[in-house]
Amino acid sequence: MNPLVPDFILEQDAEGQYAGAVDAAVLHVSLPAIVELAEQMIARQALEPDALRSLFDPLFEAVHQSGGFVATLSQGGGFTALFPDRPGRNVTRHARSAALAMRRSLVELAARRALGAGGAQTPFRIGLAWGTVHWTIVRIAPDRAYFLLYGPAIEACQATDRGVDDSELHLDRSFRERLPAASARESVAEFDEADLLSGPPSLTITSTPTDADAEAFLPPGTGELAPEGEIREVTTVSVSLDRVASPTELLQQLHEIAAMYGATFAGMNVTERGFGAQFYFGAPVSHESDHDRALDFALELKSNGLGVPRLAVGITRARCLVGFFGALGRREFACVGRGVHLAAQIARKAAPSSIWADERAFRAGEASHQWSTENIFRFDGFDLPILVYSLERRRIAVQEEFYDLGPIGREVELGRLTQALEPLFAGRSAGVVYILGEAGIGKSYLVHSYRHQRAQLMDMRPLLWIEARCDQTLRTPLYAFEFALKEYLGISSELGQRAKEAGLDLALELLLERLPEGWTDVRAGIDRAREALARLLRLRGEEGAEAGAVRRDEVLGALAALLVAESSLQPVVVHLDDAQWADPTSLEAVRAITAACRDLPLAVICSARPAASAGEGVDVRIPLDAGIPSQAVELAPLPAERLLALAEPFFGGPLPTMLESLLGQTAGGNPFFAQEILAYWLEDGRYGSAHDAVRSSRFMPPRTVNSLLVARLERLEPRTRQTVISAAVLGREFDTRVLARMIPDASALVDHLRFGEAQRIWSRMGEHRFEFCTVLIRDAAYGMQPKEAAERQHRLAAEAIEAVYGDDIEDQRAALDSHRTLAS
């Protein structure tokens, strides 16, 4: 007897018989205790394979002693056994005898458990049916095959998985009619010991054919599993399908699609509604992107349809027992746990052509896919109702795709910026280059495109790029260059004071090692700069106002000395981003730096909004010393045809008429506004709906960038949205340790951060540091809260900063004072 595949199947396969039918008695046992026992092991992180075998052993033995074989194991715990008809032998009597022996074993087990700790019960149901059983074998390849046993008798038995476990035998009419008259009793209470067959069955189990190929019926990778099994995080995709006349083609299709997405196809099974199929992502072979693969796989199934009238999908994500389960006489690869059982139940309850999932599957896929909340349902084996989500489509990260398209529509401006910075690579100063334009017009994108272009040049000379970011909220003296120095040193605010001092000392020592010994003035400047740079990093205490003015001049001189040293070694670009929010001292620093480096390859790029549109911002045109070059690259709105060219790759053809009109008129030539309109459209599910005039006419996005961003943020799941708002309170950059103390459920923060990264709400700067991708998103999120809520959030922020930074609070002094002021 081969324990991995029924001998009946192996015999047919060895003879080249791939389809047929037999009359048989069918026995199905529903045993939820299997799933519960697996869950206990998962909770304890302790594998006890003998505990599972002790449940299966007497049951399988009863089947084999009565001349049957175990066909398949079920996801909800239990199994199906067949007793093929034989001339001169009433197999219904043998099947009933096996059922009685099982019932006696299970009742005894329940009694033993009830007497033990906790009084645990072992509920079960046993169903018996008679009828035709069809079988099919599908050979996909020499080393891969599937088998399926199906038919009315098996379908009739599946009903035992529903309802209350009552420990009775349930006989269908055909089965009762075939029993001897004296034995055709419906209630198990009418059976007695005489109904148990005492002698050996007349049908003996044949030995496995010597040329049987059992390995071909096992999923790839199962041979690598530990004999006792493993505990794995698994995404289960369960599919519920209508009955089809011949499942051969269906099995082939499922195999092909599963192979495309790296799923483990565990084969098809029979349900009371038709067919079911199980797919595992994460076992026995795992990939980093298993969950996203599972969701894309489910969407592919829905799109394909598989030629069946009804297809529904259930998805769960949970820790499961993974391995070969059963007993000595029959084992089967499976993932066992409540999550797997729930996936099958969700699939059976799901509406046709829908993909439903539990909360864990939704949370894990929230960042990459679009969802809607379906409803709350009750499922067998679960005490509480479960919230179910509906998978709609994969999210499209429009903002990221826009970046990947290249500088469409900005070729001229990119050429002007390139020309303005060309003196650097001839060893000369490029002075100050202003990138001017309205919010969202593409200033940062233009600078990004230039950096990307330089990185692609094969003959590229070394170029030191330093980001000096301004902040609308934290406009303390020299904030932009404090940020720049941290960027240059590779240190962050999350480091302690000693680590920052060590980082500063190491960087300056390495710089001195790179400078030739003969450059005495440059080397002396670095030595003098050490103390002032430490003060800029807030590693030294502040002094009185009069001394502060002197110290400010020393810091400006230290920054100039540092950049003189670096630009003497290679070209240097300092990017003063959002310069309309620069504090006056930072603008003074630009003047001091460009003056000190007038004969060296250094440039300062100031990207800013025009003074007229910057509100309380400043005019960033800096009065430079004589002879320092200065020029501006102004970004005008893009022509409508350029915006349409940016959008077309998302559709692979002509744009829907309504969308074309919105991009051409509403966006006003602003590429950021255009990409947000496009993202809003795609998330609304109308992509490809060029001829859907009725639906498109209802699509009316907000008419300003800010209101559109707010509308998109409003679509987020409430807890995720609150995390985004709380992060916005902390500023353009935020510390996740601080944020964790501000939100109601810190355990959800990792998922929310991953979602924000995927949707380009923010990006990672370090282990605990993130930044909003644009200040527009941050401002929109911040403005979503009422004044009272904002004050409360600032108060929480101040308390969280004090708790996180403790003795290193000086680095956060400006932020702390700002939050305290805004909280009052």
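A disulfide is taken here as a pair of cysteine sulfur atoms within 2.5 Å. The model is a predicted one, and by this rule it has zero disulfides. Two cysteines illustrate the result.

The next part is a sheet. Strands of a sheet pair through backbone hydrogen bonds, in either a parallel or an antiparallel sense. Here three strands make an open sheet in the order β20-β22-β21, with antiparallel pairing. The edges are β20 (733-735) and β21 (762-764); each has a single partner strand, so one side of each has no neighbour in the sheet. From one strand to the next, the twist averages 30 degrees. The antiparallel pairing of β21 with β22 (residues 769-772) runs over three bridges, and R764 has F770 of β22 as its bridge partner. Helix α26 (residues 749-758) lies across β20, β21 and β22, and runs at about 110 degrees to β21.

A pair of aromatic rings is described by the distance of the centres and the angle of the planes. The model has 22 aromatic pairs. One of them joins F734 and W762 edge-to-face, with 5.1 Å centre to centre and 70 degrees between the planes. F734 belongs to β20 and W762 to β21, so this pair ties together parts that are 28 residues apart in sequence. F734 is buried at 1% relative accessibility, and W762 is buried with a relative accessible area of 1%. F734 also forms a stacked pair with F770, at 5.9 Å centre to centre and 15 degrees between the planes. F770 counts as buried, at 1% relative accessibility.

Elsewhere, ring pairs link Y146, Y261, F265, F279, F281 and F297 into a cluster. Charged side chains also sit over rings: K349 lies over the face of F379, 4.8 Å from the ring centre, while R621 lies over the face of Y434 at 5.2 Å from the ring centre.

Note on methods:
Residues are numbered from 1 along each chain as its sequence is written. This is a predicted model: local features need pLDDT of at least 70, side-chain atom pairs count only at pLDDT 80 or more; totals for chains, interfaces and linings use all residues. Side-chain values use heavy atoms; hydrogens and water are left out. Two strands pair if DSSP finds at least two bridges between them. Helices (H or I, at least four residues) and strands (E, at least two) are DSSP runs, numbered from the N terminus. Axes are lines fitted to C-alpha atoms, for helices over the stretch in contact, and angles run from 0 to 180 degrees between N-to-C directions. Contact means heavy atoms within 4.5 Å. Rings of Phe, Tyr and Trp (its six-membered ring) pair if their centres lie within 6.5 Å; planes under 30 degrees apart count as stacked, over 60 as edge-to-face and the rest as tilted. Buried means under 20% relative accessible area, exposed over 50%, partly exposed in between (1.4 Å probe, protein chains only). A charge sits over a ring if NZ of Lys or CZ of Arg is within 6 Å of the ring centre and within 35 degrees of the ring normal.
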